[in-house]
Amino acid sequence: MEFQGFNLHPLVAAGVKAADYDTPTPIQAQAIPPVLEGRDVMGLAQTGTGKTAAFVLPILHRLMHGQRRQVRALVIAPTRELAEQIHESINSLGKQTRLRSVTVYGGVGIQPQVEKLKHGPEIVVACPGRLLDHISHGTIDLSRLEVLVLDEADHMFDMGFLPDIRRILKHLPGRRQTLLFSATMPQEIRHLVREVLKEPVTVQVDETAPAVTVSHALYPVSQHLKTPLLIELLQRTHTASVLVFTRTKQRSKRLAEQLGKKGYRVASLQGNLSQSRRQAAMNGFRDGTFQILVATDIAARGIDVTRVSHVVNYDVPGTTDAYIHRIGRTGRASRSGDAYTLVTNEDTDMVRAIERVLGKPIERRKVPDFDYNASALQVHTECGRLQRNTSPVRRPDGAKNTGRPWSNSSRTRPA
Ligand code: AMP
């Protein structure tokens with residue numbers, strides 16, 4: 001299957017060529033034809049499969065004919081980052097089409113959005129809350145809407161957006177095409193599908209299995225040794241760009257600080273940041289200014305960083321779906337990637353559950369010569385937190401703590 005087979009409008013096909021896409025990904029091969037036919041589509045696909053282009057391309061094709069300067073397509077996404085990424089895909093794939101897309105989300109001033117909406121974009125990419133604000137202020141006209149996309153529907157449900165979505169639906173024309181994409185299908189999303197999609201075509205790529213190009217490894221370690229082990233892994237592995245996941249915002253912030261002190265170019269992405277700082281962190285990671293991005297699941301949702309070479313689960317995710325989502329960010333669209341997970345004894349149940357989803361055991365790895373028996377006190381000293389507490393710390397080998405990295409003198413680093 002080639003992109004030519006879709007007979008996309010030449011100006012849209014030019015966008016595909018400019019993006020350097022050779023062949024459609026499986027979700028694109030399955031979804032583009034029914035979307036072009038005007039059918040409702042339910043796409044079961046995780047991030048990293050090429051699902052954005054699977055709906056963006058046929059929408060651009062459709063909008064090439066018909067009225068301009070009115071909102072004809074609306075994409076609803078759970079996070080600002082995902083909204084920005086979809087908007088960027090529309091802009092790059094639709095560069096030649098002169099169709100305009102506007103993003104609408106909270107955490108930034110509403111007035112610039114109002115101004116942009118006045119200019120009559122054909123496509124709006126929105127997060128639910130701010131979109132409702134515009135609807136209630138009458139600053140968006142959705143009466144000419146032809147296509148609605150609900151992207152990452154399961155995340156919208158996780159984040160409590162389903163009531164907002166239902167409110168928004170009441171303001172949309174009933175005669176429209178609706179596309180819904182979700183990596184998983186919880187009961188609530190099945191209900192939503194039944195409510196809003198008409199005789200949908202279901203397209204599916206690997207409901208639960210992650211991208212095949214990702215290789216997985218577990219690194220068993222004590223909780224207090226996670227940071228030194230991560231640093232050790234970073235030193236020993238050729239890592240182009242690394243996305244590190246932590247369980248909480250505080251852990252994300254602290255880990256980023258610790259890695260920064262070790263000289264890594266690192267940013268943290270967590271909910272407490274202002275929109276401009278989030279954007280700066282994301283852009284810096286994308287353009288290589290930061291080699292490492294430390295994030296929580298919520299903050300990292302929808303991140304499209306095409307060349308993430310490694311995902312490190314500093315903390316095991318809370319669900320198997322979260323694991324799939326996290327590692328969906330490496331090995332994207334057939335590039336290869338590695339997923340490392342640091343696991344403690346308490347994570348055994350979750351590890352088993354993840355292995356069930358993967359359908360095979362994950363390799364356990366030990367970092368050779370790493371001091372798995374170092375005490376918490378040594379680690380704190382190493383991380384610079386107890387540095388002012390001058391009592392000398394004895395190392396397990398009996399040598400006096402020198403203040404230098406505690407692992408260096410007692411072992412040799414492999415070449
Ligand atoms: P998505 O799942 O939509 O977030 O896309 C994942 C990544 O794959 C994005 O960086 C896209 O630019 C890229 N991509 C999408 N479709 C293709 C394709 N047909 N060939 C190569 N890369 C693609």
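Start by selecting Phe3, Phe6 and Tyr21, which ring pairs link into a cluster. Keep in mind that the model on screen is predicted.

The structure holds five aromatic pairs.

Next, select phenylalanine 55 and phenylalanine 181. The ring centres of phenylalanine 55 and phenylalanine 181 are 5.4 Å apart and the planes stand at 45°, so this pair is tilted. Phenylalanine 55 belongs to helix α3 (residues 51–63) and phenylalanine 181 to strand β6 (residues 177–182); the pair links distant parts of the chain, 126 residues apart. Phenylalanine 55 has a relative accessible area of 0%, so it is buried. Phenylalanine 181 is buried too, also with a relative accessible area of 0%.

Now move to serine 101, in strand β3 (residues 101–104). Is serine 101 buried or exposed? Its relative accessible area is 10%, and buried means under 20%, so serine 101 is buried. Show the side chains of serine 101 and histidine 87: a polar contact of 2.8 Å joins them. Leaving aside neighbours within four places in sequence, serine 101 is in contact with His87, Ile90, Asn91, Ile123 and Val125.

Finish with two lysines. Select lysine 226 and tyrosine 314: the charged end of lysine 226 sits over the tyrosine 314 ring, 5.5 Å from its centre. Then select lysine 366 and tyrosine 372, where the charged end of lysine 366 sits over the ring, 4.6 Å from the centre of the tyrosine 372 ring.

Technical notes:
Residues are numbered from 1 along each chain as its sequence is written. This is a predicted model: local features need pLDDT of at least 70, side-chain atom pairs count only at pLDDT 80 or more; totals for chains, interfaces and linings use all residues. Side-chain values use heavy atoms; hydrogens and water are left out. Helices (H or I, at least four residues) and strands (E, at least two) are DSSP runs, numbered from the N terminus. Buried means under 20% relative accessible area, exposed over 50%, partly exposed in between (1.4 Å probe, protein chains only). A polar contact is a pair of N or O atoms within 3.5 Å; within protein, one must be able to donate a hydrogen and the other to accept it, and residues adjacent in sequence count only if both atoms are side-chain atoms. Contact means heavy atoms within 4.5 Å. Rings of Phe, Tyr and Trp (its six-membered ring) pair if their centres lie within 6.5 Å; planes under 30 degrees apart count as stacked, over 60 as edge-to-face and the rest as tilted. A charge sits over a ring if NZ of Lys or CZ of Arg is within 6 Å of the ring centre and within 35 degrees of the ring normal.
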